[in-house]
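Please take a look at the sequence and the model, and then read on.

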Amino acid sequence: ALWAQTAAPAAAAAAQTAKPHVVVLATGGTIAGAGASAANSATYTAAKVPVDKLLAGLPELANVANVTGEQVFQIASESFTNDNLLTLAKRVSALAKQPDVDGIVITHGTDTLAETGYFLSLTVHTDKPIAMVGSMRPGTALSADGALNLLNAVSVAASKDAQGKGVLVTMNDQIQSARDTNKDVNIETRAFQSQWGSLGMVVEGRNYWFRAPVKRHTTGSEFNIDNIASLPQVDIVYAHGNVQPTAVQALVASGAKAIIHAGTGNGSVADRMVKPLQDAQAKGVTIVRSSRVPYGFVLRNAEQPDDKYDWVVAHDMRPEKARILTMLALAQGADTKTLQRMFWEY
Ligand SMILES: NC(=O)CC[C@H](N)C(=O)O
C-alpha cells in the first residue's frame with residue numbers, strides 16, 4: 001500500500017515529462033514585434049521581443065508540450081539572406097536528428113516565410129513535424145494574432161498526425177503546406193493563401209486534416225542540407241509591357257548563374273527580351289520562365305518555344321520560390337532537363 005501511494009505521484013511526473021518536446025527556433029518578424037500603442041496594428045518595429053519572453057507570455061504552451069526556445073536570428077524576414085537559409089536549415093536538420101526532439105516550430109517574419117518554408121521542405125530529411133509561424137499584428141496590438149498562431153504551431157509540431165506532411169505553415173487557424181502557400185494579403189490576418197487549398201485546420205489543440213501533399217519533400221527529397229555549403233547567385237527579373245534588357249544584362253555581369261523571368265500572363269516574354277535572355281544563356285546562365293500572376297501555372301512551350309530555346313518553366317512556383325528550387329538544383333550541378341523535372345516533382 002505504501003508503494004502504491006508513492007508510485008502514483010511518480011507516474012504523474014512521468015506522464016508530465018512524457019509530453020512531446022518541441023523546440024521553437026525564433027528568427028524575428030512581427031510575431032516578435034512591438035508597437036508604440038495597442039492601436040498600432042500595422043506601424044511597429046519587427047524583431048524586438050526575444051524568444052524566452054514570447055514563450056513566457058504563453059503559459060498555455062505547457063499543457064501541449066515541453067517547449068524550449070532558441071534565438072537563431074532576430075531579423076525582419078525581408079532581409080533573410082541565403083546564409084540565413086543555410087544556418088537555419090542546418091540547425092533544423094541537427095535538431096530533427098535528436099531523439100529527444102519531437103517537433104520543431106520556426107517563428108519567422110511573414111514576408112519571406114513561405115520561401116524559407118519551401119527551402120526547409122526541400123532540404124531537411126525528417127518525418128518530424130516542422131511548423132512555420134508568424135503573425136500579422138505585433139503582440140502589443142489589439143486582437144494580436146501571434147499568441148494563438150504560436151500555440152497552434154506548437155500543438156501541430158507536437159502531434160503525431162502531423163508527421164510526414166512536409167513543412168507546414170500554421171497561421172489564422174489553417175494548416176497549410178509551405179510549398180503551396182504564399183503571403184497573398186499584406187495587411188490582414190488571412191495573409192497566407194494557397195490556390196490548392198489548406199491541408200487542414202487546428203482548433204483548440206486538435207488537428208483536422210482534409211488533404212495531404214503530393215509533391216516530393218523532406219525524406220523524399222534529393223536535396224539534403226547536410227551536404228550543402230553554399231548557394232549560387234540566382235536572381236529575378238520582373239516583367240512589364242515596356243521592360244528593357246538593362247536588368248538582365250546587369251545581373252549577368254554581376255555573376256548570376258540563373259535568371260528567373262517573372263513574366264506577364266502565362267510567363268510571356270516581351271519581344272525585345274528574347275535576345276537578351278538568349279545572350280545571357282550563351283554565357284551559361286539558366287533561364288527559368290515564371291509568372292508575376294499569382295494563380296495558375298506556366299505551361300511549357302506555350303507563349304515561348306521552351307524546347308527550342310532550352311528554357312525551363314517554373315510550373316506553379318512563384319518567382320521567389322522558383323529561385324529557391326533553382327539555387328538548390330544548380331548547387332548540385334543540375335542541367336536544364338533535370339531542373340525542369342524538379343519543377344514538376346517538387
Ligand atoms: N507580418 C510580418 O511578419 C512582416 C514584418 C516584416 N516585414 C517581416 O517579414 O519580418
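M171 has Q174 of strand β6 as its bridge partner. The model is a predicted one, and here it shows strand β5 (residues 167–171) and β6 pairing in the antiparallel sense over four bridges. Together β5 and β6 make a hairpin, with two residues between them. In that turn, N172 has a positive phi of about 60°.

How do the residues of β6 share out their directions? In a regular strand, side chains alternate between the two faces of the sheet. Strand β6 (residues 174–177) has Q174 and Q176 pointing one way, with I175 and S177 pointing the other way. All of these residues are buried. Strand β6 also pairs with strand β9 (residues 200–203), in the antiparallel sense over two bridges, and I175 stands opposite G200 in β9.

## A covered helix

Let us move to helix α4. How many of its residues are buried? The count is 11 of 11, so the helix is mostly covered. Among the buried residues are L113, Y118, F119, L120 and L122, and E115, T116, S121 and T123 are buried in α4 as well.

What covers them? The cover includes two helices, α3 (82–97) and α9 (319–331). It also includes the strands β4 (130–133), β5 and β7 (182–183), and β5 is the strand that forms the hairpin with β6.

The protein is divided into domain 1 (17–220) and domain 2 (233–345). Their C-alpha centres lie 30 Å apart. Domain 1 brings 11 residues to the contact, and domain 2 brings nine. Which element gives the most to the domain 1 side? Helix α4 (residues 113–123) does, with six residues. By class, the side of domain 1 that touches domain 2 has four nonpolar, three polar and four charged residues.

## The four-stranded sheet

Another sheet is open and has four strands, in the order β11-β12-β13-β14, with parallel pairing. Strands β11 (234–238) and β14 (312–313) stand at its edges, and each has a single partner strand, so one side of each is left without a neighbour in the sheet. The partner strand β12 (residues 258–263) runs parallel to β11, and five bridges join the two. Within this pair, Y238 stands opposite A262 in β12.

## R206, an exposed residue

Our last stop is R206, which has its place in strand β10 (residues 206–209). Is R206 buried or exposed? It counts as exposed, because it has 10 C-beta neighbours inside 10 Å and the cut-off for exposed is 12 or fewer. The C-alpha atoms of R206 and S159 are separated by 8.6 Å, although the two residues are 47 residues apart along the chain.

Definitions and conventions. Residues are numbered from 1 along each chain as its sequence is written. This is a predicted model: local features need pLDDT of at least 70, side-chain atom pairs count only at pLDDT 80 or more; totals for chains, interfaces and linings use all residues. A residue is buried if 20 or more other C-beta atoms lie within 10 Å of its own, exposed if 12 or fewer, and partly exposed in between; C-beta atoms are placed from the backbone. Domain bounds come from an automatic or database domain assignment. Two residues are in contact if their C-beta atoms, placed from the backbone, lie within 7 Å. Ala, Val, Leu, Ile, Met, Phe, Trp, Tyr, Cys and Pro count as nonpolar, Asp, Glu, Lys and Arg as charged, and the others, Gly among them, as polar. Two strands pair if DSSP finds at least two bridges between them.
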